[in-house]
Amino acid sequence: MIPTHLWHPETTYLNTASFGLPPDPTYEALTSAQEDWRHGRVSWEHWTAVTDRARAEFATLTRAHPDNVVVGATVSGLISHIATAIPDGARVLAPEPEFTSLLFPFAAQAGRGVTVDVVPLDRLAQAIDADTDVVAVSAVQSSTGEVAALDDIAAAAKHHGALTVIDATHAIGWLPLDATRFDAVACAAYKWLMSPRGTAFMVLREELADRLTPHQAGWYAAANPLTDQFGLPLRLAESARRFDTSPAWFSWVGTEPSLRLINEIGVETIHEHDLKLANRFLAGLGEEPSNSAIVTSAIADAPEKLARAGIMAAARAGRLRASFHLYNTEADVDAALNALT
């Protein structure tokens with residue numbers, strides 16, 4: 001059962017693809033930490049400790065080991081570890097249109113001869129060939145909600161020896177995903193993981209991690225961040241933690257409870273719930289069902305019609321984008337349909 005009583009939207013909120021709403025445990029933990037900060041009641045170390053607990057929850061959610069999970073602030077910052085390490089002249093293949101946080105770190109390597117070629121998403125697996133060094137793709141497209149054929153992409157990349165770099169920001173939290181099947185899987189937590197903005201994860205295969213340089217290494221990348229804070233020699237963590245960046249305390253305080261709740265509910269249960277609502281919406285629009293929690297539609301003036309009815313959604317590429325998650329109900333779907341039709 002979905003504990004919808006843990007969320008308190010005052011609107012009909014169909015905009016998780018922009019940002020997710022915090023459940024009570026998340027909001028309460030964040031508020032409590034900020035009250036402690038305001039009144040000077042505590043030191044800071046326990047705020048940092050929640051980062052490793054969030055790492056462990058994310059590892060559980062993605063079937064990975066915590067030692068292979070990097071924490072950071074943004075997807076682009078995490079992807080840059082890989083983009084700066086690929087060889088001069090490497091060829092990156094991506095779909096079009098792809099979100100810039102995945103594309104730009106690679107495109108910024110053009111001065112080293114790195115090229116980024118794009119093809120339609122439904123042709124991506126077939127376009128992978130012997131000249132492809134990296135395949136960069138979102139598991140679910142931000143602009144359209146289209147779910148990538150990850151099985152086909154992974155198989156083609158393996159056959160041709162290409163790296164697979166996945167942005168799973170619009171997947172993890174509602175779509176079951178085994179991150180260990182790919183070389184790198186990055187995810188921002190403020191959308192489907194319903195966390196404060198400023199936390200992100202990347203599952204990194206050990207073979208790829210060994211090829212990367214921790215250019216952003218700071219105190220939190222040390223073998224023991226609470227004691228290894230001064231002076232040389234370099235003493236980084238042996239795990240993927242050596243790629244960590246210093247955590248913004250309160251964002252992580254609010255991330256750990258959200259991930260714990262998602263794991264308690266179960267992503268398979270969330271997947272069923274979200275798709276049921278998305279497909280109810282599609283049926284009401286007279287459209288075929290899909291495999292995505294994000295629905296886009298070309299209905300004229302749809303965002304304006306929803307806004308007049310107090311319904312939060314988004315417009316992307318000239319189309320309505322509605323997204324359905326844990327705090328949504330069939331009544332939300334029907335309210336949106338009534339506003340549109």
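Which residues of strand 8 point one way, and which point the other way? I shall answer that after some conventions.

The model under discussion is predicted: local features need pLDDT of at least 70, side-chain atom pairs count only at pLDDT 80 or more, and totals for chains, interfaces and linings use all residues. Residues are numbered from 1 along each chain as its sequence is written, and side-chain values use heavy atoms, with hydrogens and water left out. Helices (H or I, at least four residues) and strands (E, at least two) are DSSP runs, numbered from the N terminus.

To the question, then. Ala200, Met202 and Leu204 point one way from strand 8, while Phe201 and Val203 point the other way. All of these residues are buried, where buried means under 20% relative accessible area, exposed over 50%, and partly exposed in between, with a 1.4 Å probe and protein chains only. Strand 8 comprises residues 200-204, and five of its five residues are buried.

Let me turn to the sheet around strand 8. Two strands are said to pair if DSSP finds at least two bridges between them. On one side, strand 2 (residues 69-72) pairs with strand 8 in the antiparallel sense over four bridges, and Val69 has Val203 as its bridge partner. Strand 7 (residues 184-188) is likewise antiparallel to strand 8, over five bridges, with Cys187 opposite Phe201. The sheet is open and has seven strands, in the order 2-8-7-6-5-3-4, with mixed pairing. Strand 2 and strand 4 (115-119) are at the edges, each with a single partner strand, so one side of each has no neighbour in the sheet. From one strand to the next the twist averages 20 degrees; axes here are lines fitted to C-alpha atoms, for helices over the stretch in contact, and angles run from 0 to 180 degrees between N-to-C directions. Parallel pairing occurs between strand 3 (residues 91-95) and strand 5 (residues 134-138), over two bridges, where Leu93 has Val135 as its partner.

Helix 3 (residues 75-83) lies across strand 2, strand 6 (163-167), strand 7 and strand 8, at about 25 degrees to strand 8. Its buried residues are Val75, Leu78, Ile79, His81, Ile82 and Ala83. The elements covering them include helix 4 (100-107) and helix 7 (206-209), by contact, which means heavy atoms within 4.5 Å. Helix 8 (residues 249-265) lies across strand 2 and strand 8, running at about 65 degrees to strand 8.

Leaving aside neighbours within four places in sequence, Phe58 is in contact with Val69, Ile172, Cys187, Leu193, Phe201, Val203 and Leu259. Rings of Phe, Tyr and Trp (its six-membered ring) pair if their centres lie within 6.5 Å; planes under 30 degrees apart count as stacked, over 60 as edge-to-face and the rest as tilted. By this rule there are 13 aromatic pairs. Why is the pair of Phe58 and Phe201 stacked? The ring centres are 4.2 Å apart and the planes are at 5 degrees, so the pair is stacked. Phe58 is in helix 2 (residues 45-62) and Phe201 in strand 8, so the pair ties together parts 143 residues apart in sequence. Relative accessible area is 0% for Phe58, and Phe201 is buried at 0% as well.

A tilted pair is formed by Phe281 and Phe324, 5.5 Å centre to centre with 50 degrees between the planes. Phe281 lies in helix 9 (residues 267-284), and Phe324 in the loop between strand 12 (319-323) and helix 11 (330-340), so this pair ties together parts 43 residues apart in sequence. Both Phe281 and Phe324 are buried.

Gly231 is exposed, with a relative accessible area of 60%.
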